[in-house]
Amino acid sequence: MPKYYEDKEEDGRACGGVREDLRQCLLESPCVLQENKSPKQCLKEGHCRNLQMTFFACKRSMVSVCGVFSASSLS
């Protein structure tokens with residue numbers, strides 16, 4: 001189960017829960033802890049890929065919703 005359901009303060013930003021889970025996944029990954037690489041570098045190497053894809057899908061859905069409203073108002 002995603003950790004953002006457990007006693008977290010409300011982030012207020014879009015996709016904040018998934019963002020927090022991705023952040024925690026990267027910080028707790030062997031790439032960061034054992035290899036002493038940066039979370040950004042570990043993300044580029046493919047660690048926590050499922051959460052990264054979920055986060056990007058969430059962000060894309062936010063953009064898509066905005067695009068629908070602006071496109072329909074132009075017609």
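Lys-37 is partly exposed, at 25% relative accessible area (buried is under 20%, exposed over 50%, partly exposed in between; 1.4 Å probe, protein chains only). The model is predicted: local features need pLDDT of at least 70 and side-chain atom pairs pLDDT 80 or more, while totals for chains, interfaces and linings use all residues. Residues are numbered from 1 along each chain as its sequence is written, and side-chain values use heavy atoms, without hydrogens and water.

Lys-37 sits in the loop between α2 (30-33) and α3 (39-44). Helices are DSSP runs of H or I, at least four residues, numbered from the N terminus. Beyond neighbours within four places in sequence, Lys-37 contacts Cys-31, Val-32, Cys-42 and Glu-45 (contact: heavy atoms within 4.5 Å). The C-alpha atoms of Lys-37 and Leu-27 are 10.0 Å apart.

The whole structure holds three disulfides (cysteine sulfur atoms within 2.5 Å). In sequence order, the bonded cysteines pair 1-6, 2-5, 3-4. In the link of Cys-15 and Cys-58, the sulfur atoms are 1.8 Å apart. Cys-15 lies in the segment before α1 and Cys-58 in helix α4 (residues 49-74), so this pair ties together parts 43 residues apart in sequence. Cys-15 is buried at 11%; Cys-58 is partly exposed at 23%.

Cys-25 and Cys-48 form a disulfide with a sulfur separation of 2.0 Å. Cys-25 belongs to helix α1 and Cys-48 to the loop between α3 and α4, 23 residues apart. The link is left-handed, with -95 degrees about the S-S bond.

Cys-31 and Cys-42 also form a disulfide, with sulfur atoms 2.0 Å apart. This pair connects helix α2 to helix α3 across 11 residues. Cys-31 is buried at 0%, and Cys-42 is buried at 0%.

The largest nonpolar core has nine residues, among them Cys-31, Cys-42, Cys-15 and Phe-55. Such a core is a set of buried Ala, Val, Leu, Ile, Met, Phe, Trp, Tyr and Cys residues joined through side-chain atoms within 4.5 Å. Helix α1 (16-27) and α2 each give two or more residues to this core. The largest share, three residues, comes from α1. Phe-55 touches Cys-15, Val-18, Arg-19 and Leu-22, leaving aside residues up to four places away in sequence.
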